[in-house]
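Please look over the sequence and the structure shown here before reading on. The briefing that follows takes one site first and then turns to a whole chain.

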Amino acid sequence: MAAVTADQTAQAADRPQGADEVLEAAFDAAVAADERIEPRDWMPDAYRASLVRQMAQHAHSEIIGMQPEANWISRAPSLRRKAILMAKVQDEAGHGLYLYSAAETLGTGREELLDKLHAGRQRYSSIFNYPTLTWADVGAIGWLVDGAAITNQVPLCRCSYGPYARAMVRICKEESFHQRQGYELLLTLSRGTPAQREMAQDAVNRWWWPSLMMFGPPDDASAHSAQSMAWKIKRHSNDELRQRFVDICVPQAEALGLTLPDPDIRWNEERGQHDFGTIDWKEFQEVLKGNGPCNEQRLGQRRRAHEEGAWVRDAAAAYAEKHTAPAHAAPRTAAGNGEATA
Amino acid sequence: MSAALALGDDALVLSHRLGEWAGHAPVLEEEVALANIALDLLGQARILLSLAGDEDELAYLREERAFRNVQLVEQPNGDFAHTIARQLYFSAYQRLLYEQLASGEGAFAGLAAKAVKEVAYHQDHAEHWTLRLGDGTDESHDRMQRAVDGLWRFTGELFEPVEGVDIDWQALRSGWLESVPAVLERATLTLPTGPQSGAWTAGAGRQGIHTEPFGRMIAEMQHLHRSHPGASW
Amino acid sequence: MSSSTEWPLWEVFVRSRRGLSHTHAGSLHAPDAEMALRNARDLYTRRSEGVSIWVVPSAQVTASSPDEKDSFFEPAGDKPYRHPTFYEIPEGVKHL
């Protein structure tokens, strides 16, 4: 719960000297014992900052990630697909909400996080700076982008920070349909007309490499990885998860009848894993820096929606001010049947 | 089944318009709410169109003049106030319509019994927002007033009897004229005084006469499907 | 520019089915209680997860402090006589 944490810093300042070492030892012991850290527990400032950064980035990714798919809602080629896509994009808004809530348990409001996003001071996943050029891209996003996200997210269900882990449990459960619908969509195209098949292959060609980049830079170049692993915010390294994803995708691509655009993919008997080609990290860095195909467009739409919605949010706040009894009077509508106090 | 087409097209077209909000809503919570309404309507549309034929053929292969929805639902989203005004007018209509259908024994009774619960929630959503925008800030009040005024001339069409929909249309009209003005009043808004239909006869949408934005809307909606004749998706 | 007034935060409790108590599902923002209930319905029960919802302003929640953990919760730990397994009953005695 977010609001109850605000006094934490003040409390910490009152403590006698040396108390921090004791607290830190207790924190380390809890993490080592695989216990969850909860919002009001003492935690190192760097742990808190790292969590807020990661949860905010994750939440931003969910809501920016609505755009490339929402781009196709109005053109979905069947009513069934239209319903599925709308439900999926809606889930992403919901997942953004869960994650902003989790971040708010550390005392950082959603408005503040959104301001940072809009000002370009916090990031979202670079994958969403690529365009959705054809309908097949909706399938490729479901299969590859959501597939990569799930590979990343499943271990986060055991993240050391309780609210984040709980949000991820909920998200992973709900997302299980996202990947399947994408795969099914591509399968239908792959078995369809030559033009549909070509559309599917083209989408996989464009989304494969950016999906691999979603796991982040290689372990030896990842700034935050080691500390996050020690704190059990992260459970596996970037390269480990990327390898796992490649191994999962190769047979799935075969079943689809589509080719992954990497001539170097082959089974390595010795490692018991697939070898694969070299990722173009220069492209990754460029997109990260803001030079991707859609960076400005995505952030621009997000800012515009927020600014154009300001009068709506203000109106509802003004109405509440006029019509709500003081906050202490229990709202009649919620649990006013006396059950809450029973 | 011209009645199924009329009701189905209403639901389909409004769902499509609401879907256009995805990624543009004023606050995240409202992304979720608008999508819920759009999904309810799309579900209704699919059942209704399936009563009249193949849902996708009907949605994607008819020309503009063959659509039978009222002009109200095809009006562009405009600002959030316009969307809410459109929701207020239409959900009040749809609820009264489905309530009557649900209590009857016609072909739509089963569908209406389920849909009326969904629509009651849509109406609740629209009313709550009408109150908040109407009685919020000066700016929101002005925007909401403009919206209810601007869409008023599309409301007369709601009361034109649809062939094959066997209900008491007079009762629907008087029910609507009770509930909507009451909400506007509570929201400190002025009841629009203009005519409830334009220079052309009310009921035009049911005859396939639509407004200009509709042609663009279905061009976008149908383009991909029509580009691949005979393909499955 | 955007407004500075952020809607307050609400905690959401959902009863998943009749016979169970409400459990904490998460939180959300809403301008007032009525909208909080509706937002909660839209967000936390869109896969039929609930039959009843409570919303509580987050600011109204008073929580125990982790610093008081020992004095709050440890004293209960050495009172095994509160648990039925503390008592020995002769074999064959039923309905106890």
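Leaving aside its neighbours within four places in sequence, Ser91(B) is in contact (heavy atoms within 4.5 Å) with Val119(B), His122(B), Gln123(B) and Ala126(B). This is a predicted model, in which local features need pLDDT of at least 70, side-chain atom pairs count only at pLDDT 80 or more, and totals for chains, interfaces and linings use all residues. Residues are numbered from 1 along each chain as its sequence is written, chains are lettered from A and ligands numbered from 1 in the order in which they are written, and side-chain values use heavy atoms, with hydrogens and water left out.

**Setting of Ser91(B)**

- Ser91(B) lies in helix H5 of chain B, which covers residues 80-103; helices (H or I, at least four residues) and strands (E, at least two) are DSSP runs numbered from the N terminus.
- With a relative accessible area of 2%, Ser91(B) is buried, a term that means under 20% relative accessible area with a 1.4 Å probe, counting protein chains only.

**Make-up of chain A**

- Chain A contains 15 helices and two strands, and buried residues account for 58% of its 342 residues.
- Of the contacts in chain A between residues at least 6 apart in sequence, 79% join residues at least 24 apart.

**Confidence in chain A**

- The mean pLDDT (the predictor's confidence in each residue, from 0 to 100) of chain A is 89, and 90% of its residues reach 70 or more.
- Over residues 1-13 of chain A pLDDT stays under 50, and the model has 28 contacts beyond four places in sequence for them.
- Residues 328-342 of chain A also stay under 50 in pLDDT, with 16 such contacts beyond four places in sequence.
- Where pLDDT is low, the predicted coordinates should not be read in detail.

Notes
Buried means under 20% relative accessible area, exposed over 50%, partly exposed in between (1.4 Å probe, protein chains only).
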